[in-house]
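Me: I would like to learn how to read strand pairing and charged contacts in a model. Could we take one feature after another?

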Amino acid sequence: MATEEIVLEEEEEEEEKERMVTLGSYKGMVRLLRVKAEQEEEEEEEEELDSFAGTAASEEIMLLWGMQQPTLSKPNAFVSQSSLQLKLDVCGHSLSIFQSPSSLSTPGVTGAVMWDSGVILGKFLEHASDSELLLLQGKKVVELGSGCGLVGCIAALLGGQVVLTDLPDRLRLLRKNIEVNLRHEDMRGSAKVMEFIWGDDPDLELTEPPPDVVLGSDVIYSEGAVLDLLSTLRQLCGGETTIFLAGELRNDAVLEYFLECAMKDFVIGRLDQRQWHPDYCSSRVVLYVLVKK
């Protein structure tokens, strides 16, 4: 091997090492989507930073689709959207999450059924807690786009003081699942449901004090919702807030747009699948950790 090739490989390995960091309250390693010193950013013009963010987002999408090839694997490996309920063993409890398959015929309604990303995020939280990489006990947790409520239920079972939020027409099913699944006498945490529309000013109960953790599964689903979601994340999060987002790899353009816009205000890291729950992995799903700059 030529000397130049060896040097190039060593430089690439060194850059990859620099990308592996811890973010927020998660003690595991994540892979940064961009590597740029804060002082360098201050010296750059905004237009140049936008261009850099666009390039970094594009590279991430190419890497994800090339590495995971999501279109080649089976969708909904962990859920059945035609069933009225999903059963899942979590934290020593058997959860029964009700869903509404008929709602899928209504345009724009996806939150009344479960998706793999929600199951994977919930089981990741359990695994990270068992591995002592994430502590939810006593922490304020806000879930966005809670849908059927699985992720919020798991966060509450792990000891979080959880507020599950969604649009007004999703709350009835959400409340039902909370009532059915969180009646245990040995509950470590708590859960309540609130209406919240992205882009609106959040209730003070959500922001004072800022949440320790914000959760979202399958919340990056349309380009039209991206800016409202990011506005909400900026309003909700403080300097100590850690965001965990799980996404279905179904639309590369929407995810790329989200990442490009999010990099302006957040540091973003991707979780390697080796850090997920070993029984709940999918090449059609990605997990990100975000913290506010």
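Predicted model: local features only at pLDDT ≥ 70, side-chain atom pairs only at ≥ 80, totals over all residues.

Me: How many bridges join β1 to β2, and in which sense do the strands run?

Reply: Three bridges join strand β1 (residues 20-23) to β2, and the two run antiparallel; within this pairing, Val-21 has Val-30 of β2 as its bridge partner.

Me: Which other strand pairs with β2, and is β2 enclosed or open?

Reply: In a regular strand the side chains alternate between the two faces of the sheet. Here β2 also pairs with strand β10 (residues 266-270), in the antiparallel sense and over two bridges, with Leu-32 standing opposite Gly-269 in β10. Five of the seven residues of β2 (residues 26-32) are buried, so the strand is largely enclosed by the rest of the structure.

Me: What does Arg-270 form a salt bridge with?

Reply: Side chains of opposite charge can pair when their charged atoms come close. Arg-270 forms a salt bridge with Glu-60, whose closest N and O atoms are 2.6 Å apart. This pair links distant parts of the chain, since Arg-270 lies in strand β10 and Glu-60 in helix α3 (residues 46-68), 210 residues apart.

Me: Are these two residues buried or exposed?

Reply: Buried means under 20% relative accessible area; Arg-270 is therefore buried at 8%, and Glu-60 likewise counts as buried at 3%.

How values were computed. Residues numbered from 1 in each chain as written. Heavy atoms only, no water. Buried < 20%, exposed > 50% of the residue type's maximum accessible area, 1.4 Å probe, protein only. Helix = DSSP H or I, 4+ residues; strand = E, 2+ residues; numbered from the N terminus. Pairing = 2+ DSSP bridges. Salt bridge = Lys/Arg side-chain N within 4 Å of Asp/Glu carboxyl O.
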